[in-house]
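Here are my notes on this model, point by point. Please read them with the structure open.

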Amino acid sequence: MKHFILAGLVAGAMALPAQAADYTIMAPAAPGGGWDQTARSMQTALQDEGISPSVQVTNVPGAGGTIGLAQFVNQSKGNPNALIVGGYVMVGAILTNASPVTLDAVTPIARLTGEYEAIVVPAASPIKTMQDLVAQLKADPGSVSWGGGSAGGTDHIAVGLIAKASGVDPTKINYIAFSGGGEALAAILGNQVTAGISGYGEFESQVAAGELRVLAVSSEERLEGIDAPTLKEAGVDVAVQNWRMVAAAPGLSDDQVAAITADIEKMAKSKTWQDILKTKGWQDTFLAGADFKAQLAKDIESTAGILKEIGLVK
């Protein structure tokens, strides 16, 4: 009888589904920016869809995400519940900061989103069009101060490419880096910089409220719902898309990586996540597994080339 009871208990335990993970997601930037928004959007989707019963978000700002990356690698090795968001900005920051910890130290899981850059000015600015901004940039590059995200990130790269395409030495640009979207937005609204550059989603509510004016976006074609030309339409031959990813800790087993990837893929296909993408104006660029690792390697190589070209990396 005891053997029957024991066998029944074992069989019952084996029939139970694996316990869902309680994830902790690090946003390696201050609150308010794209990584923070991505982490908190993941938190909402994972919990609302019942994929994870509890998701916590932590912020560790500084140096384009490299401070948070180093902390994550050092403290999370072997922890299958620890995740970190990152992306194109982090790729550039690792190169410009000569970070000893790189993305080779984490376990890439998936690319999640893509977002185009928007160039904005305060509504009361005398600069009315992208052509006005470029004219001032050509006349005196230092007189145009650009407020954006971390040095070497997508915003910085885009400004360098705009300068180059306009016939201005990219090394002469006056770029002011902020560690979080909230800080950059305050500087733009407070007229502390001439223009701001970031993903459109970070400016959307202020644009809708009439506080900011969009001069141009960095997409190949005009974006639905945004009353602004592309940079190419404005005479600046530049197109740039930021992307964001999620990675797991180093030192995980294949089974642990597969389980995390399955959770993230389920999240990415969920209605909650798809609704968030529409609300935020993010493009769905989901890519996982070996395909994402291969694409990441290509992006790191191409970013190094661009940063050298615009004088940010020697």
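1. T285 is buried, at a relative accessible area of 13%; buried means under 20%, exposed over 50%, and partly exposed in between, with a 1.4 Å probe and protein chains only. T285 sits in strand β10, residues 283-288. Helices (H or I, at least four residues) and strands (E, at least two) are DSSP runs, numbered from the N terminus. Leaving out residues up to four places away in sequence, T285 touches R111, L112, T113, G114 and Q241. Contact here means heavy atoms within 4.5 Å.

2. Before going on, the ground rules. The model is predicted: local features need pLDDT of at least 70, side-chain atom pairs count only at pLDDT 80 or more, and totals for chains, interfaces and linings use all residues. Residues are numbered from 1 along each chain as its sequence is written, and side-chain values use heavy atoms, with hydrogens and water left out.

3. How many aromatic pairs does a search of the whole structure find? The count is 1. Y88 and W243 form that pair, and it is stacked, at 6.3 Å centre to centre and 5 degrees between the planes. For the criteria, rings of Phe, Tyr and Trp (its six-membered ring) pair if their centres lie within 6.5 Å; planes under 30 degrees apart count as stacked, over 60 as edge-to-face and the rest as tilted. Both partners are buried: Y88 has a relative accessible area of 9%, and W243 has 8%.

4. Next, a helix pair. The axes of α9 (residues 254-269) and α10 (residues 271-280) come within 5 Å and cross at roughly 60 degrees. Axes are lines fitted to C-alpha atoms, for helices over the stretch in contact, and angles run from 0 to 180 degrees between N-to-C directions. α9 and α10 are therefore oblique to each other. Under 35 degrees counts as roughly parallel, over 145 as roughly antiparallel, 65 to 115 as roughly perpendicular, and the rest as oblique.

5. Which residues make the α9 and α10 contact? M267, A268 and K269 in α9 meet K271, W273 and Q274 in α10. These contact residues divide into 3 nonpolar, 1 polar and 2 charged. The classes: Ala, Val, Leu, Ile, Met, Phe, Trp, Tyr, Cys and Pro are nonpolar, Asp, Glu, Lys and Arg are charged, and the others, Gly among them, are polar. K269 of α9 is exposed, with a relative accessible area of 63%. Its C-alpha atom is 42 Å from that of V144, with 125 residues separating K269 and V144 along the chain.

6. S198 lies in strand β7, residues 195-199. Is S198 buried or exposed? S198 is buried, at 8% relative accessible area. A polar contact of 3.3 Å joins the side chains of S198 and E202. Such a contact is a pair of N or O atoms within 3.5 Å; within protein, one must be able to donate a hydrogen and the other to accept it, and residues adjacent in sequence count only if both atoms are side-chain atoms. Not counting residues up to four places away in sequence, S198 also touches Y116, E117, A118, D155 and F203. The C-alpha atoms of S198 and V120 are 8.6 Å apart, for a separation of 78 residues along the chain.

7. I173 is in the loop between α6 (154-165) and β6 (174-177). I173 touches H156, V159, G160 and A163, residues up to four places away in sequence not counted.

8. Two backbone angles to check. Phi of A98 is near 45 degrees, a positive value in a residue other than glycine. A98 is in the loop between α4 and β4 (107-122) and counts as exposed at 62% relative accessibility. Phi of N191 is near 60 degrees, again positive in a residue other than glycine. N191 lies in the loop between α7 (181-189) and β7 and counts as exposed at 56%.

9. Last, S143. This residue is in the loop between α5 (130-139) and β5 (145-148) and is partly exposed, at 29% relative accessible area. Neighbours within four places aside, S143 is in contact with Q136 and T194.
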